[in-house]
Amino acid sequence: MYAQLVETGVKRLKSLEEMSPEERAFQEKIDAEIKIEAKNWMPDAYRQTLIRQISQHAHSEIVGMLPEGNWVTRAPSLKRKLQLMAKIQDEAGHGLYLYSAMETLGADRDEEIAKLHSGKAKYSSIFNYPTLTWADMGAVGWLVDGAAIVNQVVLQRTSYGPYSRAMIRICKEESFHQRQGYELLLTMMRHGTQAQKDMVQDAINRLWWPSLMMFGPSDEHSPNSAQSMAWKIKRQTNDELRQRFIDQTVPQLELLGCTAPDPALKWNEARGHYDFGQIQWQEFYEVLKGNGPCNQERLAKRRNAIEGGAWVREAAVAYARKQQNKNAA
Amino acid sequence: MHKQALIPYLLLLGDSALIQGQRLCEWCGKAPALEEELALMNVGLDLVGQARNWLEYAAELLDDGRDADALAFRRDERAFRNLLLVEQPNGDFAVTMLKQFLYDAWHHAALEGLCASNDARIAGIAAKALKEVTYHLRRSGEWVQRLGDGTEQSRRRMLDAIPLLWRFTVELTAASDHEVQLAAAGVGADPALVGRRWQATVSALFASVELPLPQAASHFYLDGRQGLHTEHLGLLLAEMQFLPRAYPDATW
């Protein structure tokens, strides 16, 4: 989940009777599972919510390159280095898809990126955690991409066509990375030394809870969910997706021979789901507000890249103009 | 058998691609545009992949129990055979792009020659790499043009980058005895031809945007082919090799 708290600006759902004819036609289309396309009429709040959500998602791909970029120069074998480079490259590509999908809604890429850099726009809280060991590369691939996939698989059916199609393309690559991340951990656990095994468990201990937070606040504290669900931007609630993620991840955790840092984690036969402990919501909101361990560093790095690269972009524009003039002459 | 001559040549090709790829990794998250994040990582990925192919072959010929990873991650700087050019720090985008272009022009000419090698393994690796490097060369050349004939500032930065890197280009037109020997045997690319092609590519591109072409670089005190590197390589390797060195028994 790369967009975990998106304002809809809507306090209360309207009934069909309260809607204008346009709104009503729109909602009926949504209810009939017909995709909304860029040129179709849509309520302004729907458009703005999607711009916020897709841009958050795109920003997350871009900021998400940094925790992995931290280890790309230190990857321990040629194979692992190549895998990580391919993954980072895919993430930049996902960012580009998503910015394009967002632009079909009339938003401007540079303006939205400026909002990210000024702290106005959000990105996933997970990328504010540091990557401290090589095992974090596996844990990020497995847990973080795993959580993202659970969310994105559902978003393949989201009501806005361009977003839905971006998700279909992105999910294919993302699943590949997730398997690689898991395989990386499995290799360390099965063939590694005790020091490597400890490294894996330590990475899981640090990234487990932050990964669960990727699904956003619990449903009772998720005021925007009802509208997003009615518009079928969201297809399942935060808590439903989080539960699904836990249910599918625990067996993988066991196969690794590792444990979760959650004494309350236990299979509940009656529910047919795993029970789990309380998420530290205080920490979640602090990280989202900008007070996590790496928020400052992440934003500073992105700002520096774009501000420091302005002369390069200006040069490209100036050169293109000169070439155009030459061709015209 | 040209084995004894071939090993240092494979290391020259493999190490140069690896170190250039490593430098590109350092750009992650710092590129001037998203498209460039993608492109820099893409070029780096190609180069590290090529390095793996050359180093695997070198390891087989060495036949001393080391594999490509051991060659990449357990050799000290005195044993590395890369060109001095590629170990230079990234600097700003102008330095990075000029460095990439000067290397690509050499790399492209060398691979063209290697495609005709009578060593089928070399010809195979080179043919695959040539497709990738054709793209690298086009891209880096275009950036040298854009920056060289873009704004006043970008031109100034490109002009500053030239003297910084030029002295190392002496290695691109030079050759060791074993390279001459390998070329004569039809195994390696002809270093004289590679040097002339490099010269032609660089002078044509510089002329296209009126960048002053310096005199041919003359002898430089150090020599990457002999493992006599600048001070930059040691630090680069310390970072790159840290994990396999710290955990010598580990399986990654």
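## A link across chain A

Let us start with A:Arg235, which forms a salt bridge with A:Glu33; their closest N and O atoms are 2.8 Å apart. A:Arg235 sits in the loop between α9 (225–230) and α10 (238–256) of chain A, while A:Glu33 sits in the loop between α1 (21–31) and α2 (44–63) of chain A, so the pair ties together parts that are 202 residues apart in sequence. Bear in mind as you look that this is a predicted model.

Are these two partners buried or exposed? A:Arg235 has a relative accessible area of 17%, so A:Arg235 is buried. A:Glu33, at 42% relative accessibility, counts as partly exposed.

## More salt bridges to find

Over all chains, the count comes to 31 salt bridges. One of them joins A:Arg271 to A:Asp275, with the closest N and O atoms 2.8 Å apart. A:Arg271 is partly exposed at 39% relative accessibility, and A:Asp275 is partly exposed too, with a relative accessible area of 28%. Elsewhere in chain A, you can look for a network of salt bridges that links A:Glu68, A:Lys87, A:Glu91 and A:Asp145.

Now try chain B, where the side chains of B:Glu60 and B:Arg121 meet in a salt bridge of 2.9 Å, N to O. This pair links distant parts of the chain: B:Glu60 belongs to helix α2 (residues 34–62) and B:Arg121 to helix α6, 61 residues apart. B:Glu60 is partly exposed, with a relative accessible area of 49%, and B:Arg121 also counts as partly exposed, at 30% relative accessibility.

## Chain B as a whole

Which kinds of element build chain B? Chain B has 11 helices and zero strands. Its C-alpha trace spans about 55 × 45 × 35 Å along its principal axes. A compact globule of 252 residues would have a radius of gyration near 18 Å, and chain B agrees with this because its own value is 18 Å.

Buried residues make up 59% of the 252 residues in chain B. Among the contacts in chain B with a separation of 6 or more, 79% are between residues 24 or more positions apart.

## Two buried residues

B:Arg139 lies in helix α6 (residues 120–148) of chain B. With a relative accessible area of 10%, B:Arg139 is buried. Its side chain is joined to that of B:Glu36 by a polar contact of 2.6 Å. Leaving aside neighbours within four places in sequence, B:Arg139 is in contact with several residues, including B:Ala39, B:Leu40 and B:Met97.

Over in chain A, you will find A:Gln201 in helix α8. A:Gln201 counts as buried, at 19% relative accessibility. Apart from neighbours within four places in sequence, A:Gln201 is in contact with A:Cys258 and A:Thr259.

## Where the chains meet

How many residues does each chain bring to the contact? Chain A gives 48 residues and chain B gives 50 residues. The area buried between chain A and chain B is about 4300 Å², and carbon and sulfur atoms give 72% of it.

Three salt bridges are found across this interface. In one, A:Arg109 pairs with B:Glu35, and the closest N and O atoms are 3.9 Å apart. There are also 12 residue pairs in polar contact across the interface. On the side of chain A that touches chain B, α4(A) gives the most, with 13 residues. The residues of that side divide into 27 nonpolar, 10 polar and 11 charged.

Methods. Residues are numbered from 1 along each chain as its sequence is written. Chains are lettered from A and ligands numbered from 1 in the order in which they are written. This is a predicted model: local features need pLDDT of at least 70, side-chain atom pairs count only at pLDDT 80 or more; totals for chains, interfaces and linings use all residues. Side-chain values use heavy atoms; hydrogens and water are left out. Contact means heavy atoms within 4.5 Å. Buried area is the accessible area (1.4 Å probe) that two parts lose on being put together, summed over both. A salt bridge is a side-chain nitrogen of Lys or Arg within 4 Å of a carboxyl oxygen of Asp or Glu. A polar contact is a pair of N or O atoms within 3.5 Å; within protein, one must be able to donate a hydrogen and the other to accept it, and residues adjacent in sequence count only if both atoms are side-chain atoms. Helices (H or I, at least four residues) and strands (E, at least two) are DSSP runs, numbered from the N terminus. Ala, Val, Leu, Ile, Met, Phe, Trp, Tyr, Cys and Pro count as nonpolar, Asp, Glu, Lys and Arg as charged, and the others, Gly among them, as polar. The radius of gyration is taken over C-alpha atoms; the globule rule is 2.2 Å times the number of residues to the power 0.38. Buried means under 20% relative accessible area, exposed over 50%, partly exposed in between (1.4 Å probe, protein chains only).
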